[in-house]
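The following note comments on the strand pairing and on the confidence of the model. Please read the points with the sequence and the structure at hand.

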Amino acid sequence: MPEGSTERQTALTSHAGREIAEPVRDDERNVRCPDCDKVVSASKGSHPAPDDAPTDRIWGWQCGVCENTLPSNALRENAPTFNDRITAVEVTFRDGSQRLVPAPKTHVYSGDQA
Ligand SMILES: [Zn+2]
């Protein structure tokens, strides 16, 4: 029997382990991690997306403990609340649901890659 067999695959450039989950909003309008209940409101910004997402980063919050990316809401691609550096992409959440989320335009993979 080999000692300490480590079969974890790690790729430096991948965001393996990242999951997209719905943020939880509490009565005091805090944003919380759905897994550990940590208040993540202050992490608003762009955060790594899972490898299979159509973008490298997603705008919203993250839980540094659980490696959850918690997207903000996006109703359509040119929502008036976006500035010209944010667009909306459809991503798949860990529960299999899909919806539009905000993402920095420069991080969205272009569709015309061969
Ligand atoms: Zn968490």
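1. Two strands are taken as paired if DSSP finds at least two bridges between them. The model is a predicted one. In it, β4 pairs with strand β5, residues 57-63, in the antiparallel sense, over 4 bridges. Within this pairing, H47 has I58 of β5 as its bridge partner.

2. The pair of β4 and β5 belongs to an open sheet of 4 strands, whose order is β1-β6-β5-β4 and whose pairing is mixed. The edge strands of this sheet are β1 (19-20) and β4 (45-48), each of which pairs on one side only. In general, the strands of a sheet pair through backbone hydrogen bonds, either parallel or antiparallel.

3. A further pairing joins strand β7 (residues 86-92) to strand β8 (residues 98-104), in the antiparallel sense and over 7 bridges. Here I86 stands opposite P104 of β8. The hairpin of β7 and β8 has 5 residues between the strands, and G96 in this hairpin adopts a positive phi near 95°.

4. On confidence, the average pLDDT of the protein is 84, and 77% of the residues score at least 70. Which stretch has a pLDDT below 50? Residues 4-11 do, and beyond near neighbours in sequence this stretch has 1 contact in the model.

5. Among the elements of the protein, the highest mean pLDDT, 97, belongs to strand β6 (residues 68-71), and the lowest, 92, to β7.

Terms used: Residues are numbered from 1 along each chain as its sequence is written. This is a predicted model: local features need pLDDT of at least 70, side-chain atom pairs count only at pLDDT 80 or more; totals for chains, interfaces and linings use all residues. Helices (H or I, at least four residues) and strands (E, at least two) are DSSP runs, numbered from the N terminus. pLDDT is the predictor's confidence in each residue, from 0 to 100. Two residues are in contact if their C-beta atoms, placed from the backbone, lie within 7 Å.
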